[in-house]
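Welcome! Please take a moment to look over the sequence and the model, and then we can walk through a pocket and a sheet together.

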Amino acid sequence: MKRVLVLLFVVLLGSFVLAQLPPGIPREKTLILPFLFAPLPAPGNWNLWAGWRAQNCGLHQFVTEALWTLNPNPQVGGIVNGLAAEPPIYNEDFTKLTIKLRQGIYWSDGVEFTADDLVFTIQKVKETPGLDYHGPMQEVKNVYAPDKYTVVIELSKPNSRFHTYFLERWNALRPMPKHIFEKVKDIVSFDFNPPVSLGPYVLKSYDPAGYWVLWEKRKDWQRTVAGKLFGEPVPEYVLFIHYGTAEKNTMAMMRHELDVLQGTAEQLITLLRRSKTTRSYRETWPYIDPRDISTRGPAFNHMVYPYNIRDVRWALALCIDIVEVAISAYDGMIAMTPGLPLVVNKNFYEWYFKRLEPWLNEFTIDLGDGRKFKPWDPQAPWRLLEWAQKTYKVDIDPKNVDEVRLTLGYGWWKYAPDVAEQLLKKHGFYRGPDGKWRLPNGQPWVINILRGPDPTDMANIIILAVAEQWKKFGIDVVFNVSAAAPTLASEGRFEVLNTAHGGFAGEPWGFHPDLYRCFNTFRSDFVKPIGEMTLGWAGRWSDPRMDKIVQELEKTDWNDFEKIIQLGLEGLKIEIEEMIAIPLFNCPITIVFDEYYWTNWPSPKNDYARCDVLTTWPELKYILHNLKPTGRK
């Protein structure tokens, strides 16, 4: 197969930084985005069906297309029918799924996308260990195409959520091009280079070291899902690039060599103050778009003492001042939440928080000797707002409850170190002469936290702030910093984990109320001993009550919102009662836009997408028609 010509970009100071775009690639027609998970693990290998390929380099934005995709527009919400022409069709007992496909969609090499591609993909993934979704596809008893644009999947057991394996959030099983892969003897080792695209862009060139990838708009973009549903994407080219350190990325934006930056609070504040062409989502503090659909905060290994004790977990939550953590980690630019999958957005506010709030107000924890304590603090967002008003220009109306909660979060737990002390003493913990906490056996209590090495990682920024709170309370903290943190977490080789993406437990669909994907990870049969790769959540918590909720959700129609929400509320209450982890806030999306070459970025007045869609999310292809060139050259 003919290889894509790899254009040589200039390398400066040992880091992969563009001195200029290649000949014939005009800057004013090129959108330059950050490549957040660089480098490519296997440069030149685009076979994302066979494992991680750092697909946010444009691979899952432009090469692949899903049957269904979350709508990037938060004002509209819901799910976009992508390659599927309509929502999934199940029979009465959820053992048969019929998928009607969109007609007139073509691969970039001119071959039409049909039912044969989807049937081939499901069959190959089922029969090939080593391909993503190999496990879930074992549920398929039979799959066939009664006509060119219809696929029927017969399941070995009822599953009302089977279609969600094909629903794009940040990952999904997307169709392979049958006409390419059917000629391959070993699909797992196949590099799929150059990739044939279903999206509106094709691969132009890439860095052999893996730090940048350049894409060019298809001449036949009209024959893609994005083209048919949303129109022509504006940029002729899209470059994903990793400049190196946070400082280098900041300087790249200052030189107008990066149109979007996602980084730290310090980067955001620096760029807003020093550049005349930068802005973020909001014009005033808290600047950021708070609506990422995942949560952040420390998780516990429930197989390790003393984190298997609920009172200990609650004590570690109540000795945290959420406002101090917010200020320390992200200059207060966060949206706080008390629930692992209880993300902050308009949908979840209506579906879940408003229904949960009366329960939170009356919820108590047992301090012993008949004493009860109500830990919920609904005023925490207003305390954060009060701090900000002394420091920044703020246009949030403190009397507008909905505005405050949808910007700064729902509330959190009271800062109650005295109550935390009582909970620990219930179980024999005590302070030594130095004021630091001792375990019941007399040994100093040292919390060992597993985290990755990247200091700009959101999870690491947050856990550092939490660690300072625990130290202030009198508990020593040490960090196990390892590039192998994800593997160590999956094997249960940790005490406390920084919980990057919540291990799916904290990643709901966001624009659909179903929490099955979050609760299913807690299934009792998924829990494995320490040393074995878990099948579910790294924290290894399970509860028979949650097992029943998961089983009930499996029998509940995807469109039965009311029952789904009731079951979701039951699960959320169990998670909160048990304090299985300490969710703090939505993933803070500190994004800066440069308006030197492009404008019409998302804002509260022009709210066509969450800001993070412009960095790593596959829905990028659905919003590029909104950008407007400034005319600068």
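## A pocket and a sheet

In this predicted model, helix α11 contributes the most to the lining of the second largest pocket, giving four residues. You can find α11 at residues 401-408, and α9, at 346-362, also supplies at least two residues of that lining. The volume of this second largest pocket is about 600 Å³. Its lining has 25 residues, and the closest to the pocket centre are Tyr-281, Arg-282, Ser-603, Pro-604 and Lys-605.

What kinds of residues make up the lining of the second largest pocket? They divide into seven nonpolar, six polar and 12 charged residues.

Now let's turn to the sheet. Four strands form an open sheet in the order β4-β5-β7-β6, and their pairing is antiparallel.

| Strand | Residues |
|---|---|
| β5 | 96-100 |
| β7 | 150-155 |

Follow β4 to its partner β5: the two pair in the antiparallel sense over two bridges. Within β5, Leu-97 is the bridge partner of Tyr-90. Helix α2, residues 115-127, packs on the sheet and touches β5, β6 and β7. The direction of α2 makes about 165° with that of β6.

Terms used. Residues are numbered from 1 along each chain as its sequence is written. This is a predicted model: local features need pLDDT of at least 70, side-chain atom pairs count only at pLDDT 80 or more; totals for chains, interfaces and linings use all residues. Side-chain values use heavy atoms; hydrogens and water are left out. Two strands pair if DSSP finds at least two bridges between them. Contact means heavy atoms within 4.5 Å. Axes are lines fitted to C-alpha atoms, for helices over the stretch in contact, and angles run from 0 to 180 degrees between N-to-C directions. On a 1 Å grid over the protein atoms alone, a cavity is a set of points where a 1.4 Å probe fits but cannot get out, and a pocket is an open set with protein on both sides within 12 Å along at least five of seven lines; lining residues have an atom within 4 Å of a point. Grid points are joined across faces, edges and corners, and a volume is the space filled by probe spheres set on the points. Ala, Val, Leu, Ile, Met, Phe, Trp, Tyr, Cys and Pro count as nonpolar, Asp, Glu, Lys and Arg as charged, and the others, Gly among them, as polar.
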